[in-house]
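The entries follow in the order in which I made them.

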Amino acid sequence: MRVYNFSAGPATVPEEVLQIAAAEMIDWHGCGMSVMEMSHRGREFTEIATRAQADLRQLLGISSDFAVLFMQGGAIAQNALVPLNLLGQRKSADYVDTGAWSSRSIKEARRYCEVNIIASGQADHYTRIPRQSEWHPSAAAAYLHICTNETIGGLEYHWTPETRADIPLVADMSSDFMSRPLEMRRYGLIYAGAQKNAGIAGLTIVIVRRDLLGRSHPLCPSAFDYRIVAENESMFNTPPTYSIYLAGLVFQWILRHATPDKNALEAIEARNIEKARRLYAALDASAFYETRVAREDRSRMNVPFFLAEPRLDELFLAEARERGLAQLKGHKSLGGMRASIYNAMPIAGVDALTDYLRDFERRHG
Ligand code: PMP
């Protein structure tokens, strides 16, 4: 029996997508081969990759001013590839520090350039996102980097920063990519690993404004040079074919959520808002559970919470597992619990969790 899987990533995949992948596993559309066995340059896989990119562009409304790259190496590799590709003649970049993942980006970028931390939530223990009025951007930065959703701390931007025209906004969207509509024209580059809202590990999606291509450092590996990847339609080297196929199935699944009055991502966003509302309401209703993030910055994707009695943590997790609520343990750096409720988590999964929260408190509170 499948459980409700609250893992932060790799994370739950829509069951419908897994069913399609299972049915097509051995023989894709009657071609007598599995997707895993196809040449990435063959007719069949070209069709799969082209459709995946077209669906992604449709969902996010991405114009031809932007290149869509299917890469590997995860967001962690992008932490190095962003400065390697975007610094050009400039020597520094601006970063906003909102928690574990932006700190990780900053640490890696320091290997390549001078990093200006133009705002930080550290003094507030990363419980709020500094407002743009508190930022101190520099004039000579090559780009400004943010993490739109801190997967560990559970903070999410519910606004898009303004940047100067010559300083592109770069965003690590690993954990809220495809969870809501996006104003792509406000960004120079976004990147995300696929293993949260776009399928499975192995694929890193990069969307970059074309005028930013061609300024890479001479030592940037060719396979990770955005211009080269773009010119070769992500086929400079063998791309992660099965992960691209799976992402394509997820994009089709998202597209099926469109309603007469909402496009697909608006409908997905509405459902994500409702799921987050139900979960935070259950947590707020009781002093037995604690959340630490400022309300206006709460993530809709990752919800860290703490039991008032940490000695009950193990029991909470064990009983949850017995009820089919899996992977609720918080990140080791914070402790406590974390429920990740990405697109593929059904409302019924959130309701099962809130029922359990009330029931556990009744018995142990
Ligand atoms: N940034 C964020 C916001 C993340 O959530 C993660 C993964 N949890 C990463 C970066 C690192 O991604 P990867 O392990 O795919 O390199």
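**Entry 1: a loop glutamate**

I began with Glu-183, where a polar contact of 2.8 Å joins its side chain to that of Arg-185. I then found that the side chain of Glu-183 also has a polar contact with the side chain of Arg-186, at 2.9 Å. The model is a predicted one, and I read every distance here as a distance in that model.

I looked up where Glu-183 sits: in the loop between β8 (169–172) and β9 (189–193).

**Entry 2: an asparagine in a helix**

Next I went to Asn-85, which is found in helix α3 (residues 74–86). Its relative accessible area is 2%, and because the cut-off for buried is under 20%, I list Asn-85 as buried.

What does Asn-85 touch, leaving out residues up to four places away in sequence? I noted Leu-212, Arg-215, Ser-216, Cys-220, Phe-224, Asp-225 and Tyr-226. For Tyr-226 I also have a polar distance: its backbone nitrogen lies 3.0 Å from a polar atom of the Asn-85 side chain.

**Entry 3: the two domains**

I turned to the domain division. The chain is split into domain 1 (15–255) and domain 2 (259–364). I have their C-alpha centres 26 Å apart.

For the interface I noted that 25 residues of domain 1 are in contact with 25 residues of domain 2. The two domains bury about 2100 Å² between them, and 56% of that is on carbon and sulfur atoms.

I then looked at polar pairs across the interface and found 13 residue pairs in polar contact, with both residues at pLDDT 80 or more. On the domain 1 side, I found that α2 (43–60), β7 (155–156) and α6 (241–255) each supply at least two residues of the side that touches domain 2. Of the elements on that side, α6 gives the most, with three residues. Sorted by class, the side of domain 1 that touches domain 2 has ten nonpolar, nine polar and six charged residues.

How many salt bridges are there between domain 1 and domain 2? I count one salt bridge between the two domains.

**Entry 4: Asp-297 and Arg-131**

I followed the salt bridge between the side chains of Asp-297 and Arg-131, at 2.8 Å from N to O. In the whole structure my search gave 31 salt bridges. The Asp-297 and Arg-131 pair links distant parts of the chain, 166 residues apart. I placed Asp-297 in the loop between β11 (289–290) and β12 (302–307), and Arg-131 in the loop between β4 (114–120) and β5 (141–147).

Asp-297 has a relative accessible area of 0% and is buried. Arg-131 comes out at 26% relative accessibility, so I call it partly exposed.

**Entry 5: Arg-298 and Asp-284**

I looked at Arg-298 and found a salt bridge with Asp-284, the closest N and O atoms being 2.8 Å apart. This pair, too, links distant parts of the chain: Arg-298 is in the loop between β11 and β12, Asp-284 is in helix α7 (residues 264–284), and they are 14 residues apart.

Arg-298 is at 11% relative accessibility, so I list it as buried. Asp-284 is at 32%, and I list it as partly exposed.

**Entry 6: other salt bridges**

I also looked up Glu-309 and Arg-311, whose side chains meet in a salt bridge at 3.4 Å, N to O. Glu-309 is partly exposed, with a relative accessible area of 34%, and Arg-311 is exposed at 65% relative accessibility.

Which residues are linked in a network of salt bridges? I wrote down Glu-319, Arg-323, Asp-359, Arg-362 and Arg-363.

Key:
Residues are numbered from 1 along each chain as its sequence is written. This is a predicted model: local features need pLDDT of at least 70, side-chain atom pairs count only at pLDDT 80 or more; totals for chains, interfaces and linings use all residues. Side-chain values use heavy atoms; hydrogens and water are left out. Domain bounds come from an automatic or database domain assignment. Contact means heavy atoms within 4.5 Å. Buried area is the accessible area (1.4 Å probe) that two parts lose on being put together, summed over both. A salt bridge is a side-chain nitrogen of Lys or Arg within 4 Å of a carboxyl oxygen of Asp or Glu. A polar contact is a pair of N or O atoms within 3.5 Å; within protein, one must be able to donate a hydrogen and the other to accept it, and residues adjacent in sequence count only if both atoms are side-chain atoms. Helices (H or I, at least four residues) and strands (E, at least two) are DSSP runs, numbered from the N terminus. Ala, Val, Leu, Ile, Met, Phe, Trp, Tyr, Cys and Pro count as nonpolar, Asp, Glu, Lys and Arg as charged, and the others, Gly among them, as polar. Buried means under 20% relative accessible area, exposed over 50%, partly exposed in between (1.4 Å probe, protein chains only).
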